[in-house]
Amino acid sequence: MTTSTIADPSVAELEELARQARVHIIKAIANANGGHLGGPLSATDMLTALYFKVLDIHPDRPDWEDRDRFVLSKGHSSIALYTQLAMRGYFPTEELMTFDAIDSRLQGHPDMTLTPGVDMSSGSLGLGLTGGLGIAMGGRAAGKDFTTYVMLGDGECNEGSVWEAAHVAERYALDNIVVIVDHNKLQQFGWHGDTVAERLPSYTGTQLFDRWSAFGWHTLEMDGHDMADILETLEAAKAHEGGPVAIIAHTVKGKGVSFMEGNYLWHARVPNAEEFDIAMTELGEQVSGQGGAA
Ligand SMILES: Cc1ncc(C[n+]2csc(CCOP(=O)(O)OP(=O)(O)O)c2C)c(N)n1
């Protein structure tokens with residue numbers, strides 16, 4: 001399947017694209033010998049749905065004024081965004097192997113002045129929604145009809161600036177902005193406890209859902225790894241009128257590789273050669289022993 005040429009992919013085709021994206025991500029991180037893995041892997045199914053089905057974009061015209069916008073507020077997951085942009089045709093997929101190199105356009109955190117298709121620079125957690133809010137308000141003031149999507153981490157929702165922006169979006173009844181919270185229940189480190197299982201998630205139960213609702217956002221939930229659910233929920237979010245929409249996406253950090261799933265140690269760890277081969281095998285790829293340092 002040539003990735004950038006699929007007109008209207010089915011759920012099965014999107015699932016295959018997400019699988020390919022995970023392979024690119026792990027290869028790029030192993031090659032760079034650095035970067036984040038857990039967060040990119042939890043976000044990948046949703047990003048695939050956005051970039052291959054939902055967003056109204058033209059890769060050959062990255063600056064088209066009427067395009068839908070996407071802000072990756074959890075900017076440390078940049079490799080997941082670059083992978084979608086490459087697969088969608090903004091630049092060659094081979095360029096992913098330059099990730100994090102000194103002269104690369106693909107830096108550890110997204111830079112809108114460097115990379116075609118990146119709508120906002122990010123990386124300092126808590127700031128993406130303020131930027132997305134500005135883009136959405138500017139779009140409304142200019143009479144534009146595009147939608148701005150902002151992806152946040154659940155740990156990122158600890159930042160006070162997220163809630164200041166959430167308040168403003170509700171105050172102005174902005175209905176051209178959609179937040180997706182990648183609720184993978186883990187952030188950089190666990191909490192107190194001797195084992196991974198004892199370390200509590202960022203937010204539990206309905207805490208995040210209740211918080212966004214309390215801020216006046218129309219709040220939805222979805223399984224962030226179920227492609228059909230993702231598409232249905234994103235469609236409902238776009239159709240909502242009269243105020244902003246937040247989607248709490250239940251996800252698994254490190255999704256797709258058994259030993260990375262649900263383990264915060266894979267937030268930013270590089271697979272060694274053996275781990276790399278196991279990961280590729282689990283993702284249905286030929287192994288090549290390309291892993292980085294342990
Ligand atoms: C303001 C700020 N503080 C700290 C960091 C370092 N940092 C990078 S990722 C991360 C954890 C983020 O967790 P979460 O938002 O849940 O993201 P995910 O689990 O999806 O990777 C932290 C603390 C940062 N990038 N910005």
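Which residues of helix H8 (residues 273–282) are buried?

## Helix H8

Glu275, Phe276, Ala279 and Met280 are the buried ones in H8. They all sit on the same side of H8, because they cover an arc of only 135° around the axis. Here "buried" takes 20 or more other C-beta atoms within 10 Å of a residue's own, "exposed" means 12 or fewer, and partly exposed falls in between, with C-beta atoms placed from the backbone. The arc is that of the directions from the helix axis to the C-beta atoms.

Turned away from that buried side, H8 shows the exposed residues Glu274 and Thr281. H1 is among the elements covering the buried residues. Just past the end of H8, Gly284 has a positive phi of about 80°.

## What we're looking at

This is a predicted model, so local features need pLDDT of at least 70 and side-chain atom pairs count only at pLDDT 80 or more, while totals for chains, interfaces and linings use all residues. Residue numbers start from 1 along each chain as its sequence is written. Helices (H or I, at least four residues) and strands (E, at least two) are DSSP runs, numbered from the N terminus.

## Helix H5

H5 (residues 160–171) has 12 residues and spans 17 Å from first C-alpha to last, close to the 16 Å expected at 1.5 Å a residue (1.5 Å times one less than the number of residues). Its buried residues are Val162, Ala165, Ala166 and Ala169. These cover an arc of only 105° around the axis, so they lie on the same side of H5.

Their cover includes helix H4 (128–141), strand E2 (148–153) and strand E3 (177–183). The face turned the other way carries exposed Gly160 and Arg171.

## The nonpolar core

The largest nonpolar core has 75 residues, and Ile29, Ala49, Val179, Ile180, Val181 and Ile247 touch the most other members. Helix H1 (residues 11–32) supplies the largest share, 10 residues. Such a core is a set of buried Ala, Val, Leu, Ile, Met, Phe, Trp, Tyr and Cys residues joined through C-beta atoms within 7 Å.

Skipping neighbours within four places in sequence, Ile247 is in contact (C-beta atoms, placed from the backbone, within 7 Å) with Val178, Val179, Ile180, Val181, Leu220, Met222, Thr233 and Ala237.

## Around the ligand

Of the 21 residues around the ligand, Gly39, Gly153, Gly155, Glu156 and Gln187 come nearest; a residue counts if its C-beta atom, placed from the backbone, lies within 6 Å. Helix H2 (residues 38–54) gives the most to this shell, with 3 residues.

Definitions and conventions: Contact = placed C-beta atoms within 7 Å.
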